[in-house]
Amino acid sequence: MTNAAGGLSVVELASVTGSAAGFRAFLHGLPGVDQVGAEQRAAMLATRSIKTTAKAWGIDLAIRMVDLTTLEGADTPGKVRALCAKGRRPDPADPDCPSVAAICVYPAMVPTAAESLKGSGIHLASVATAFPSGQAPLPVKLADTRAAVAAGADEIDMVLNRGDFLSGRYLAAFDEIVAVKEAGGDAHLKVILETGELATYDNVRRAAWLAMLAGADFIKTSTGKVSPAATLPVTLVMLEAVRDFRASTGRTVGVKPAGGIRTTKDALRYLVLVNETVGDDWLRPDRFRFGASTLLNDLLLQRSKLATGRYSGPDYVTLD
Amino acid sequence: MPFEYAPAPESPSIVDIQSSYGLFVNGEFTDPIDGERFKTINPASEDVLAEVVAAGPADVDAAVAAARRAYENVWRDLTGRDRAKYLYRLARLIQERARELAVLESIDNGKPIRESRDVDLPLVAAHFFYYAGWADKLRYAGFGETPLGVAAQVIPWNFPLLMLAWKIAPALAAGNTVVLKPAETTPLTALLFAQLCQQAELPPGVVNIVTGAGETGRLLVEHPGVDKVAFTGSTEVGRAIARSVAGTRKRLTLELGGKAANIVFDDAPIDQAVEGIVNGIFFNQGHVCCAGSRLLVQESVAEEVLDSLKRRMARLRVGDPLDKNTDIGAINSAAQLSRIRSLSEIGSQEGAQRWSPPCELPERGFWFAPTIFTGVSQAHRIAREEIFGPVLSVLTFRTPAEAVEKANNTPYGLSAGVWTEKGSRILAIADRLRAGVVWANTFNRFDPTSPFGGYKESGYGREGGRHGLEGYLA
């Protein structure tokens, strides 16, 4: 068995999850991540200066990549409807402003959101599997998933079982993702690694491969409920993983940083990271998403600044 | 759809380049006595930037005499604490005017503004701060407390201001005065530094800057009035200086060429190793004496590393040094460009396979695409001679012993890199590499606290750290 980027046949890939020991050997055989080097690379890319036409292009792309999210205990149907309306037409004054990629809510809010998004082409993502901790029995997680899909969600954001992962029960964590994928049917599956709890970049790379091998369509950094949430270096490591996974298997997996991305500057830094790590192929909303709530308003403010030459102000974008 | 970065140029208007500069002698800019004027150009556009002086014998005499007077009348008798005040003041001024200095460095040298802004200038300031701290603690350094006198310092064009800092800061901290000659293609930041010396009210004559080419340098190092010679540059010139200094009272430190091995083992963090390879050879257009110009990669991962390296190289942005998104700027001079070209031609003729990513080079100015040679053997000239450009020779090895053998099989010994996730291997290999600096899982990282210098034909003496004081104290 060569290491990951060296290329694995489909048969070899199927065999790596054949036994707990074999799977462990595979994940631990992935090339390590040097923390200092990865952080240095991310910091260097953060110095890229994205101005004028490049900025305008990046802002529109970033808007189209937003998973506009509300995940609060206090969410109401009214708030969800307002969010959906905003997702359809982020800037009511400008019909050319693109829609967001998806609305992301709790399962209980899926029926309301499905109703509001009908005919818009905007995806409806629901967190599931006892988000954010994942601390529930498997049948409950599967029921959670089925309910969300039945109510109209076409994307499921599940959480990795960090208990299994961190204690080295990789195959159990893998099997759980496979089961959720099956329960979700045709729904797109995003697997949240909760990188803030994984602590090391080596773990992030292993968890990314575990999720991709189990069938994840997207790998996502964070729930947004744990600090730190998304960071540039973590996203860099995940992008390298999807790049290597495609080189090995031919299957393309998307990446979604979520949590803590609040400004246009942040978003543009992520787009630069994507551009210079995996290239154009991932610079599209079905391959890269931002899990965010307040980011959209800053994108809109900067967008109108570029168009008019003046800053408006927080009263000129809608409250979430 | 590709993400095209719009041009993001740093404005050159922050820096005021005069049409003509004199020599900086005894605290003032002076017209040459017997020197002639020549032009310095912007290597990215070939536009003339300014006229500077090639100092003649009488000019060098005057500068050395000024340094001598300043040494005997002021500087050597100042307390360490007072010398430190001046050095701290210079360090702060460098920070305050960092943007101006960085822009000028990029204009005169051709290096990308990202590097002059994020690497050169912070290190320049850090060097002055660091040696300012030593000025009143010399007795604890262990090299005596007596300065040598007048130091003649000759520096190269690859890091004009940083090399100036490496030379001037420890010399002044130890109580010496200096006459410094910047390289003929990059005199402008040294002349701006001279203005900073005036702004800092440094006593006249403590720092003197004489511009010029090799002949001025020869006059300076052979001048009977200097007590210390410090040179950074080519091994060839270093040899000539060593010969001329032999038999005199002058103390000598030399920091010369290199042909560093960057050794990548099969258990290395591959993505970061690729970054390190890129940083090792393409940083500053490869105009780095400690550049990792020989990649030694373990056979079992060679293909994978090369694929990743090529993919990464295709992302390098070559062009306008003042664009904030440029990774690789201009080659410093026509002469250097022709040397890089001819050695690369020889590489192809000797049978190595040459590869460069597709990249459009500007029409005017001096440019060379990042290049790698595979199928290189130890016998090839591109594996033995310092190219001093963005050209990497790739060799493979099978066992750690072979890696060490190949890494050490060079007349040079300035630096080396080791990439492995295995800590014990780092220590074992570093122990056997004959190189002054060994980087582990990184490359081309510098810090004023860390001594730097070579083995064998890479020179002798150390710069940086406590060791850097040794060359300036008796």
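In what order do the strands of the open sheet in chain B stand? The order is β12-β13-β14-β11-β10-β15-β16, 7 strands in mixed pairing. This is a predicted model: local features need pLDDT of at least 70, side-chain atom pairs count only at pLDDT 80 or more, and totals for chains, interfaces and linings use all residues. Residues are numbered from 1 along each chain as its sequence is written, while chains are lettered from A and ligands numbered from 1 in the order in which they are written.

**The sheet**
- Strands (E, at least two residues) and helices (H or I, at least four) are DSSP runs, numbered from the N terminus.
- Two strands pair if DSSP finds at least two bridges between them.
- β12 (353–355) and β16 (437–440) of chain B are the edge strands; each has a single partner strand, so one side of each lacks a neighbour in the sheet.
- From one strand to the next, the twist averages 20°.
- β10 (261–264) and β15 (415–419) of chain B pair in the parallel sense over 4 bridges.
- B:Asn262 has B:Gly417 in β15(B) as its bridge partner.

**Two domains**
- Chain B splits into domain 1 (12–256 + 456–472) and domain 2 (261–440), with bounds from an automatic or database domain assignment.
- Their C-alpha centres lie 30 Å apart.
- Their contact takes 21 residues from domain 1 of chain B and 27 residues from domain 2 of chain B; residues are in contact if their C-beta atoms, placed from the backbone, lie within 7 Å.
- On the side of domain 1 that touches domain 2, α3 (98–109) and α4 (113–134) of chain B are the elements that give two or more residues.

Key. Axes fitted to C-alpha atoms, helices over the stretch in contact; angles between N-to-C directions. Contact = placed C-beta atoms within 7 Å.
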